[in-house]
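Here are a few friendly notes to read with the structure open beside you. Take the points one at a time and find each residue as you go.

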Amino acid sequence: ANAYKHLYGEILQIRNTTGNADQNKWEGVGSLWLVFTHDLILDKDNVLHRLPFYEVSLNGVQNYEGGTVYEIAFDCKKPGAYTVGFGYPSPEAAKGKLFIDTENYAVVRHEACIERKPLEEKNHKTESWHHHLIQTYKKYNGQYFLHHSKQVELSVSTKAGKKTEHTRVCEFLMTETITENLRPSTVPLTRLKVDSKAKYDERFWQTHNQVTADTRLKCTVCEVWKEK
């Protein structure tokens, strides 16, 4: 449980591209740990580990990244914290897709869409709450690594008669994988930004300026959220 608590890292470089002074140490890269709270492999509250609570069906075989994969659709029969990974307010529905390599049965892509119950508190009501999780994995030196993860949270709430739409995106993209001559890190992911001592280096960003425009990370399951 809580696999992210056992993951460590280090920030080599960091910069703010929004033009706003970021006073919150847990925003941006500081929220990287959220990527692993619902990771299909590390977390257990999902279709891969709670299969008896899901209905699954084979949609067919399709081409993917130069190979072929099984496309498997799933729908949770008993949504809850144990089966979906989201607790209070409890989920009402959860569905998605798995894409599994036809040769070695490795999961190379995972999509999940979760709808939670409305939450009514004093002077505040969340009328709709949806989560969309997309993860892709790539093989490197015979092992699979998390390549791209995107978590989108959409909600509509009303407070003091005013309705507000909220969107939160947590995204991770692996641009380089190194498996040799590794140096252990001691900073937990939850304190990655808080304890960072990285100094800004303009030369670094001249060669490490990655734009994440991967159209394959559009959700193909749920009609509530479609990336434009």
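**Notes on a predicted model**

1. Let's begin with E65, which is partly exposed, its relative accessible area being 46%. That label follows because the value falls between the 20% limit for buried and the 50% limit for exposed. Keep in mind that you are looking at a predicted model.

2. Where does E65 lie? Look in the loop between strand 2 (54–64) and strand 3 (67–76). The backbone deserves a glance here too: E65 has a phi near 50 degrees, which is a positive value in a residue other than glycine.

3. Now move along to N141, in the loop between strand 7 (124–140) and strand 8 (143–159). Phi is positive in this residue as well, near 50 degrees, and again the residue is not glycine. Is N141 buried or exposed? N141 counts as exposed because its relative accessibility is 57%, and the cut-off for exposed is over 50%.

4. Next, please find Y82 in helix 1 (residues 81–84). With a relative accessible area of 49%, Y82 is partly exposed; to count as exposed, a residue has to be over 50%.

5. Which residues does Y82 touch, leaving aside its neighbours within four places in sequence? Y82 is in contact with D45, R50 and F53.

6. Finally, have a look at P89, in the loop between helix 1 and strand 4 (91–101). The peptide bond leading from Y88 to P89 is cis, and its omega is near -10 degrees.

Terms used:
Residues are numbered from 1 along each chain as its sequence is written. This is a predicted model: local features need pLDDT of at least 70, side-chain atom pairs count only at pLDDT 80 or more; totals for chains, interfaces and linings use all residues. Side-chain values use heavy atoms; hydrogens and water are left out. Helices (H or I, at least four residues) and strands (E, at least two) are DSSP runs, numbered from the N terminus. Buried means under 20% relative accessible area, exposed over 50%, partly exposed in between (1.4 Å probe, protein chains only). Contact means heavy atoms within 4.5 Å.
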